Amino acid sequence: MNRPRRLLFVSSRYLFPTDSGGKIRTVNILRGMKGGAFEITLVSPLPVITRPGDPAETDSVSDRFVGWPDATRGALFQWTRMRHIVSNLPVAVATDDSESGRRAIGRELERRPDLVVVDFPHAAVLAPPPYPCPGVMFTHNVEAEIFRRHSEIARNPLKRAIWRDQTRKMERYECEILSRFTSVVAVADRDREYFQRVYGIGNVSTIPTGVDLDYFTFGESAAPKDGDGGMVVFTGSMDWMANVDGVEFFMDEVWPAISRARPGARCVIVGRSPPRALVERARGRKLDWEFTGFVDDVRPFVHNAQVYVIPLRVGGGTRIKVYEAMAMGCPVVSTRIGIEGLPVEHDRHYLEADSADAMAAAVLSLLDDRERRTRLSLQARKYVEENMSARRAARVFEQICLRALQTADASEASGTTAGVARTTPSIQ
C-alpha cells in the first residue's frame, strides 16, 4: 500500500479562531483533505500570550503541527507597521516576515516534503521558492486589485498616493512570486483570468467556494414584530480596511434612508476589533447599531436578522460570508464588488445594489415583503446545497495538488523543470 504523500502547508497566521473569510476557507480545505491523499504538516505562528493554541484545533486540520512564537500585536500595530512603507515590499507582505518563522519553515523543508502549499502570497516572504519539491500557491484574492480599489476611493491625497505606491509594489511582488510556483490556485474564474492576462501565469486552477452545510443550517427569518423595524446584519473582521470602508459607507450614506422609513430598524455589525472611532460615531448619532466585537458563533445573529448586507466598495476573490448567509436563509443585499466572482443571479439568489439609494431601497423592500424574503432565501439555499459544499471544494483542491506532483514527476522523467527548484532572485 502506498504511503500518503507528505504535504507541508505554510501559513503566516494561526488559523484559529476562524474569524475571517480566508481562515474559514483554508480550514474547510484542510479539514476536507485530512485523511486523504496527503499527510499534512501545518506550519504557522502559534499565539502564546493572548490565546494559547489548542491542539484539538490544529489536529482537526493536520496530522502534525509546527508553530513558532507569534509576535504580539499591540493597540498601535496599525501605526507601527507603517515603518515598512519605505520597504521594497508592500507593507502587508513585509509585516508578515519573521526570522523565527523562516527558521521553522526551513527546518521543515529539510525534511524533504513531497509538496509545499503556501497560503496567500504574503506568506511566501517566509519561504520564497525554489523548493526541493513542487509548490502550490493558494491565493484568496488578487491582492494588487484590492490595493488599486483602495487608491480609487481614497479621498485624502496623501492616502491616495500611498495606496498607489503600495499597488505598484504589490503588482511587482505578486507577479514575481506567483510565477515561481508549479501551480496557482484561485478562488474565482475572474481571478484566474487576471493572473493569466496581467501576470502571464499559465498554471492557474480555480476551486469552488465551499460552505459547511451541516454547520450553517437553514432557518427562514421571522417577520419583524409589531413596532420593530427589523434587523439588518453584517459579518466580517472589522480590522480589515475594506470592511471598515463598507460599514462606513452603509452608516453614512445608506442607513439614513432606512431609518427614516423604518425608525425601529436596527443594525448589528458582527466581527472582531471594530474601530473605536466608528463605534463612537454610531453612538454619537444615537443610531440603533450594535458592534459585537469577536463572537464564537455568528449564526444566532444571522438567523435573527431579516436582511444580510455586504456594502463593500473594495475587495477581491470571493466572500464566503455570501454563501454562509444564503445557507442560513438570510436574504442578501450586496454591491457588485461584494458578490464579485460568485455565479449567482440578481433577484434570484440575492439583490444587487451599488448606489446608496439603491441599497437602501433593496433593504427596505426585503424588510417590507416577507414573501420576497422567503423566495430569495429558499432559492439561495437550494443553489448553495447543489453547488457549494465544503467537501467538494476540498476534493478539487486535493486534485490540483496531485496534478502538481504528476507534473513535477513527468518533468523529472523528461529532464526538464516545471516550477521546481528554479533559480530566481530571492524576495527581499
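Which residues have the most contacts inside the largest nonpolar core? Val118 and Phe195 do, and the views below start from the whole model and work towards them.

**View 1. The whole predicted model.** This is a predicted model, where local features need pLDDT of at least 70, side-chain atom pairs count only at pLDDT 80 or more, and totals for chains, interfaces and linings use all residues. Residues are numbered from 1 along each chain as its sequence is written, and side-chain values use heavy atoms, with hydrogens and water left out. You'll find 16 helices and 13 strands (DSSP runs numbered from the N terminus: H or I of at least four residues for helices, E of at least two for strands). The C-alpha trace spans about 70 × 50 × 45 Å along its principal axes.

**View 2. The largest nonpolar core.** It holds 42 residues; a nonpolar core here is a set of buried Ala, Val, Leu, Ile, Met, Phe, Trp, Tyr and Cys residues joined through side-chain atoms within 4.5 Å. Buried means under 20% relative accessible area with a 1.4 Å probe, counting protein chains only. Helix α7 (residues 157–178) gives this core its largest share, 5 residues.

View 3. Across the protein, 55% of the 428 residues count as buried.

How values were computed. Buried means under 20% relative accessible area, exposed over 50%, partly exposed in between (1.4 Å probe, protein chains only).
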